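Look over the sequence and structure first.

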Amino acid sequence: MKYMVFVVGFLVLLAIIAADGAGECGRNSPDVEAMNLIPCAEAASDENASVSRSCCLQIQKLGQNPKCLCAVMLSNTAKSAGAKPEVAVTIPKRCNLANRPIGYKCGPYTLP
């Protein structure tokens, strides 16, 4: 009987984990993904700051999923780190990414 309770509990836990993977960024929350954008911290808070190559590489990866990119830029983690959403949404353009999601609505902002 204890074994059955353990198995049922384990299956419930797996279901919760699987359901959690259905967010904007898949398995990771936007706050977790925001940690990958540490190289973008200055560029996300100052529109005149240069954007580093490592930042652009991370933006390029996240830009493949515009919904995730927006969720990350608007996340509590990004805001707590000093990112200004109105500046952060300009980073893909500042990186000169040819395949960036131009015109994608990112909350109240639009990706240029």
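With the bonded cysteines numbered in sequence order, the pairing runs 1-5, 2-3, 4-7, 6-8. The structure holds four disulfides (pairs of cysteine sulfur atoms within 2.5 Å). This is a predicted model: local features need pLDDT of at least 70, side-chain atom pairs count only at pLDDT 80 or more, and totals for chains, interfaces and linings use all residues. Residues are numbered from 1 along each chain as its sequence is written, and side-chain values use heavy atoms, with hydrogens and water left out.

**Disulfides**
- Cys25 and Cys68 are bonded, with sulfur atoms 2.0 Å apart. The link is right-handed, at 105 degrees about the S-S bond.
- Cys25 sits in the loop between helix H1 (2–20) and helix H2 (30–34) and Cys68 in helix H5, so the pair ties together parts 43 residues apart in sequence.
- Cys40 and Cys55 also form a disulfide, sulfur atoms 2.0 Å apart. This link is right-handed, at 110 degrees.
- Cys70 is joined to Cys106, S to S 2.4 Å. Their link is left-handed, at -135 degrees about the S-S bond.

**Burial**
- Cys106 is buried, at 0% relative accessibility.

Key
Helix = DSSP H or I, 4+ residues; strand = E, 2+ residues; numbered from the N terminus. Buried < 20%, exposed > 50% of the residue type's maximum accessible area, 1.4 Å probe, protein only.
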